[in-house]
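User: I am new to this structure and would like to be guided through some of its local features. Please show it first.

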Amino acid sequence: MASTYSGVANFTTAGKVTSIDVKVGDVVSAGQKLATIDSSQASKQLQVAKANLAVAEDNLATADAQSNTTALQAKVDQAQLDVDNAEAALAATTLTAPGAGTVTAVNGTVGQQTGSGSSNSSAASGSNGQSGQQSSASTSSSSTGFIDITDMGNLVVSTSVAEIDVSKVKTGQKATVTLNATPDQPLPATVSSIDLTPTTSSNVVSYGAKLTLANPPSGLRPGQSASVVITVAEADGVLSVPAAAVRTSGTTNVVTVEQNGQPVPRKVEVGVRGESTVEIKSGLAEGDRVVLTAASPTTSSGSGQQRTGGTGGLGGFGGGRQGGIGGGGRG
């Protein structure tokens with residue numbers, strides 16, 4: 001699992017931490033105060049800047065005709081800039097949330113001296129693809145801010161899809177996510193996005209994808225492992241045969257049927273393909289006996305026979321439904 005949003009909050013100015021107003025587990029909104037550093041010096045600098053501005057404005061207002069008003073106006077402008085900078089420095093002594101979410105880490109203590117840093121946020125993603133191969137995904141996060149925030153209410157599953165399968169995966173397709181922690185409770189999901197640019201690792205090209213859970217259960221945490229099946233095609237109420245029974249050469253698909261006690265090759269038109277079964281659109285009828293000429297888990301001797309199914313769902317890649325792309329990894 002990964003969050004659609006995670007952010008880190010850091011002070012942009014140095015100072016001594018005077019308060020931390022949140023703790024791990026607190027839910028915060030964007031802009032909410034998280035912590036403060038000593039603001040006494042910043043307050044004094046703002047007072048001085050405002051006083052200098054008042055003097056500069058007074059000098060400009062009381063200037064006579066012989067005075068260089070251009071120079072006086074420049075002093076006013078500079079004084080106003082000093083006030084703006086001093087106000088920004090004072091505001092920087094208060095750390096605010098860069099986005100809404102749950103506080104997942106507080107990496108500072110009251111009384112410590114903090115250096116200048118930056119406040120920023122980053123989006124995390126996640127999802128898993130499938131198509132006859134196994135794919136995995138993981139999203140990890142590390143505490144890099146004074147305070148870390150994660151949106152725990154919008155978790156997604158992140159994964160990578162092999163280049164051979166990425167053309168089959170589309171946004172909006174149905175998927176099933178099974179958490180390793182609760183293997184008996186598969187969760188419905190939907191493909192929400194697919195990366196347009198690939199990543200390459202050990203010469204293997206893949207594309208990142210994200211899955212959105214339809215009804216996420218309570219207690220989900222970023223980094224939880226999950227296996228995923230994306231249904232890229234499905235067919236119900238159709239004839240099907242074991243995938244091992246179909247031999248393909250170019251665009252021609254052939255199965256061997258038993259006819260009068262003899263094996264006879266027959267051309268067939270196939271539909272949705274799965275790892276374990278294949279839809280037969282034409283060329284066979286329900287009740288035909290199909291000969292498995294290659295070793296298969298369905299036979300004990302390496303050859304055997306099996307009737308075509310009259311109805312029934314089609315088996316899927318990675319153990320899912322036919323036309324599905326199966327995967328496992330860290331969600």
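User: In which loop does N260 lie?

Analyst: This is a predicted model, in which local features need pLDDT of at least 70, side-chain atom pairs count only at pLDDT 80 or more, and totals for chains, interfaces and linings use all residues. Residues are numbered from 1 along each chain as its sequence is written, and side-chain values use heavy atoms, with hydrogens and water left out. Strands are DSSP runs (E, at least two residues), numbered from the N terminus. N260 lies in the loop between β19 (252-259) and β20 (262-273).

User: What is the phi of N260, which is not a glycine?

Analyst: Most residues other than glycine have a negative phi. N260 is not a glycine, although its phi is positive. Its value is about 55 degrees.

User: Is N203 buried or exposed?

Analyst: N203 is placed in the loop between β14 (199-201) and β15 (204-213), and has a positive phi of about 65 degrees. Buried means under 20% relative accessible area, exposed over 50%, and partly exposed in between (1.4 Å probe, protein chains only). With a relative accessible area of 76%, N203 is exposed.

User: Which residue in β5 is the bridge partner of V17?

Analyst: Strands β3 (residues 15-20) and β5 (residues 33-37) run antiparallel and are joined by 3 bridges. The partner of V17 in β5 is I37.

Key
Two strands pair if DSSP finds at least two bridges between them. Helices (H or I, at least four residues) and strands (E, at least two) are DSSP runs, numbered from the N terminus.
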